[in-house]
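These are my notebook entries from an afternoon with one chain. I wrote down what I looked up, entry by entry.

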Amino acid sequence: MKFTYESYSSMLIRLREKGYSFRDYKTWKETERTVILRHDVDNSLEKAVLLSEVEKNICGGGATYFVLLSTDFYNLQSKKSREYINSIIKNGGSIGLHFDETQYMIRDDLEMKAYIRKEIELLSNIIDASVDVVSMHRPSEKVLAANIEFPDLINSYSEIYFKQMKYLSDSRRFWRENVDEIIESAAYPRLHILTHPFWYMEGREKNLKQTLEDAILCASLDYYDRLNDNFRDLSNEIERKKIERIIYR
């Protein structure tokens with residue numbers, strides 16, 4: 001499977017043709033053949049919106065987008081980020097918490113749960129909607145083995161989703177199993193598919209190095225645009241075209 005919107009769209013169509021229903025973490029038991037679409041938004045909310053638009057056109061949404069509270073890549077409190085979140089929701093997606101344990105000095109499971117609940121409350125207030133599902137960001141072996149459960153929150157890494165369902169992931173831009181063959185076989189009644197919107201693109205697929213280079217270079221333009229919003233007459237000092245020439249030379 002290629003890391004393009006066209007390829008992702010084809011995957012969704014094949015899932016539908018094979019009789020899978022697109023469900024979330026609360027409704028997956030409602031049908032015999034179910035697929036849960038999970039997206040970890042590690043780097044770009046804008047890329048998450050683009051992926052949600054693909055889903056809206058094919059399956060009406062239904063995916064869960066897990067966002068970070070503690071990240072240097074985006075600020076959920078900003079107007080632009082809130083607009084991105086609202087777009088994902090309008091496209092049929094729902095929002096979950098992507099929890100990064102490395103942001104805290106956590107001594108035991110009780111402290112882990114306390115920090116997760118704190119972030120859940122903060123995220124719910126920011127998006128003005130209830131959040132009741134969490135995924136772990138780059139979880140340690142200790143966290144995975146703990147099988148952390150809550151009476152009122154869903155952990156996407158709990159055994160029922162991580163081990164009892166057929167779990168497929170594109171982590172580090174690499175599918176460890178042939179997704180196309182697994183879907184085509186229809187051998188598994190329950191699928192749990194994790195993707196990272198950051199890796200997907202329009203048109204011809206680029207390799208890992210090219211994808212990372214493009215992201216870093218485009219971030220320079222994003223920084224220029226943010227600076228332009230807060231610096232009067234920035235173009236008099238340095239034109240955007242000059243940055244573009246440096247990037248695309």
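**Entry 1: Lys 79.** I looked up Lys 79 and found it in helix 3, residues 79-90. Helices here are DSSP runs of H or I with at least four residues, strands are runs of E with at least two, and both are numbered from the N terminus. Lys 79 counts as exposed, at 59% relative accessibility. My cut-offs: buried is under 20% relative accessible area, exposed is over 50%, and partly exposed is in between, with a 1.4 Å probe and protein chains only. I also checked Lys 79 against Ser 171: they are 92 residues apart in sequence, and their C-alpha atoms are 29 Å apart in space.

**Entry 2: ground rules.** This is a predicted model; local features need pLDDT of at least 70, side-chain atom pairs count only at pLDDT 80 or more, and totals for chains, interfaces and linings use all residues. Residues are numbered from 1 along each chain as its sequence is written, and side-chain values use heavy atoms, with hydrogens and water left out.

**Entry 3: the whole chain.** I counted 10 helices and eight strands in the chain. The C-alpha trace spans about 60 × 40 × 30 Å along its principal axes. Among contacts between residues at least 6 apart in sequence, 67% join residues at least 24 apart. Contact means heavy atoms within 4.5 Å.

**Entry 4: nonpolar cores.** In soluble globular proteins, nonpolar side chains tend to be buried together. I therefore searched for nonpolar cores, meaning sets of buried Ala, Val, Leu, Ile, Met, Phe, Trp, Tyr and Cys residues joined through side-chain atoms within 4.5 Å. The largest core has 55 residues, and Leu 12, Leu 15, Val 67, Ile 116 and Ile 193 have the most contacts inside it. Helix 2 (residues 45-59) gives the largest share of this core, seven residues. I then listed what Leu 12 touches, leaving out residues up to four places away in sequence: Phe 22, Leu 37, Val 54, Glu 55, Ile 58 and Cys 59. Another core, of eight residues, lies apart from the largest one, and Tyr 25, Phe 66, Val 133 and Tyr 161 are among its members.

**Entry 5: aromatic rings.** My search of the whole structure found 10 aromatic pairs. Is the pair of Tyr 104 and Tyr 115 stacked or edge-to-face? The pair is stacked, because the ring centres are 4.0 Å apart and the planes lie at 20°. Rings of Phe, Tyr and Trp (its six-membered ring) pair if their centres lie within 6.5 Å; planes under 30 degrees apart are stacked, over 60 edge-to-face, and the rest tilted. Tyr 104 is in the loop between strand 4 (94-99) and helix 4 (109-127), while Tyr 115 is in helix 4, 11 residues apart. Tyr 104 is partly exposed at 22%, and Tyr 115 is partly exposed at 25%. Elsewhere, ring pairs link Tyr 25, Trp 28, Phe 66 and Tyr 161 into a cluster.

**Entry 6: charges over rings.** The charged end of Arg 38 sits over the ring of Phe 66, 5.9 Å from its centre. Lys 47 lies over the face of Phe 198, 5.8 Å from the ring centre. The test is NZ of Lys or CZ of Arg within 6 Å of the ring centre and within 35 degrees of the ring normal.

**Entry 7: salt bridges.** I found 13 salt bridges in the structure. Each is a side-chain nitrogen of Lys or Arg within 4 Å of a carboxyl oxygen of Asp or Glu. Lys 26 and Asp 132 form one, with the closest N and O atoms 3.2 Å apart. These two residues are 106 residues apart and link distant parts of the chain. Lys 26 is exposed at 57%, whereas Asp 132 is partly exposed at 22%. Arg 107 and Glu 111 meet in another, at 2.4 Å from N to O. Arg 107 is exposed at 67%, but Glu 111 is buried at 18%.

**Entry 8: backbone angles.** Arg 172 is not a glycine, yet has a positive phi of about 60°. Arg 172 is in the loop between strand 7 (166-169) and helix 7 (179-185), and is exposed at 72%.
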